Amino acid sequence: DDVNLQDIDFELIKSVEEIFPDASMSAWYSDAVAYAVGAGIISGYSDGTFGPSDSIKRQDFLLMLARFDGARLSEYEDEQSGLSDVMDGTYYESAVNWGVKNEIVSGYDNGKFGVGDKVTREQLVTFIYRYAKYKELDVTTQLETKQYISDTYPDYNKVSSFAKDAIIWAIENEIINGKNGKIAPQGKAQRC
C-alpha cells in the first residue's frame, strides 16, 4: 500500500503497551515503535504481539523503508529487479524493485537479493546510508570518526568492506551506537 505520512494523525497513536502486550513503554525503542506503527511502516503480528526482539528479514526491512519514504510502490510493480530470488506478485516485489531502481540495494554477488535472510546490522545500516544518498542528504564523515570508531569498537575490523562507509556515517550521525561496546556488524537486526 502507498503511505502518505502527512495524512497520519499521530495524536491518535496509543502507547506501545496498550497496542502490544510484549512491548514496554519504558524500553528504549518505545517511541520508535509507536511512530512506525502509527505511520503504517510496520505492524504487529496477527496474534496481537509486536515481537520487538525478533529478527527482520531483508525484504521486510526494505518494505518498511519504502513505506517510510512514502514510495508509491504500485509504480514499481512492472519494474524488474534483476535479482533471481525475487518472485513476481510477492508482497515485497515492488519494494525490492524500488530499492534496486534507486540504488538502495544491489543484492548479493550471486545475483540474489537474499529473500528470507535475516538482515544484519551492517546490511540495515547500508540500506539506510544508501537511502540517505538517494534522498541527496550529505553522507560525508569526519576523518577523525574512522579513527575514533577503530579505537572504540574492537570489532570494527569485522565490518564488511561494502558497509564500512555506512557504519562510519551511521555512528557519526548517531543512527546506531554500539551493542555491548561492539558494532556487532553481522548480528541480526531486531524489529525494535
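Start by selecting helix α3 (residues 58-69) together with α4: they pack at an angle of about 75 degrees, with axes 9 Å apart. Helices here are DSSP runs (H or I, at least four residues), numbered from the N terminus. The axes are lines fitted to C-alpha atoms over the stretch in contact, and angles run from 0 to 180 degrees between N-to-C directions. Two packed helices are described by the angle between their axes and the distance between the axes. The angle makes α3 roughly perpendicular to α4, a label for angles of 65 to 115 degrees.

Before moving on, note that this is a predicted model: local features need pLDDT of at least 70, side-chain atom pairs count only at pLDDT 80 or more, and totals for chains, interfaces and linings use all residues. Residues are numbered from 1 along each chain as its sequence is written, and side-chain values use heavy atoms, with hydrogens and water left out.

**Stop 1: where α3 meets α4**

Show the side chains. From α3, pick Leu 62, Leu 63, Leu 65, Ala 66 and Asp 69; from α4, pick Ala 95, Val 96, Trp 98 and Gly 99. These make the contact, meaning heavy atoms within 4.5 Å. By class, the contact of α3 with α4 has seven nonpolar, one polar and one charged residues. Nonpolar covers Ala, Val, Leu, Ile, Met, Phe, Trp, Tyr, Cys and Pro; charged covers Asp, Glu, Lys and Arg; the others, Gly among them, are polar.

**Stop 2: Asp 69**

Stay in α3 and select Asp 69. Is Asp 69 buried or exposed? It counts as buried, because its relative accessibility is 17%. Buried means under 20% relative accessible area, exposed over 50%, and partly exposed in between (1.4 Å probe, protein chains only). Beyond its neighbours within four places in sequence, Asp 69 touches Trp 98, Tyr 131, Tyr 134 and Lys 135. Tyr 131 is 62 residues away along the chain, yet the two C-alpha atoms are separated by 9.1 Å.

**Stop 3: the largest pocket**

Select Trp 28, Leu 124, Ile 128, Ile 175 and Cys 192. Of the 29 residues lining the largest pocket, these lie nearest its centre. The pocket's volume is about 1,000 Å³. Which helix gives the largest share of the lining? That is α5, with five residues. Helices α2 (30-38), α3 and α5 each supply at least two. The lining divides into 21 nonpolar, three polar and five charged residues.

A pocket is an open set of points on a 1 Å grid over the protein atoms alone, with protein on both sides within 12 Å along at least five of seven lines; lining residues have an atom within 4 Å of a point. Grid points are joined across faces, edges and corners, and a volume is the space filled by probe spheres set on the points.

**Stop 4: Thr 120**

Go to the loop between α4 (93-101) and α5 (121-134) and select Thr 120. At 8% relative accessibility, Thr 120 is buried. Leaving aside neighbours within four places in sequence, its contacts are Pro 185, Gln 186, Gly 187, Lys 188 and Ala 189.

**Stop 5**

Select Ala 166, Ile 167, Ile 168, Trp 169, Ala 170 and Ile 171, the buried residues of α7. They pack against α5 and α6. Last, find Asn 157 in the loop between α6 (143-152) and α7 (164-172). Asn 157 is exposed, with a relative accessible area of 59%. From its C-alpha to that of Ala 66 is 31 Å.

Conventions: Angles under 35 degrees count as roughly parallel, over 145 as roughly antiparallel, 65 to 115 as roughly perpendicular and the rest as oblique. On a 1 Å grid over the protein atoms alone, a cavity is a set of points where a 1.4 Å probe fits but cannot get out, and a pocket is an open set with protein on both sides within 12 Å along at least five of seven lines; lining residues have an atom within 4 Å of a point.
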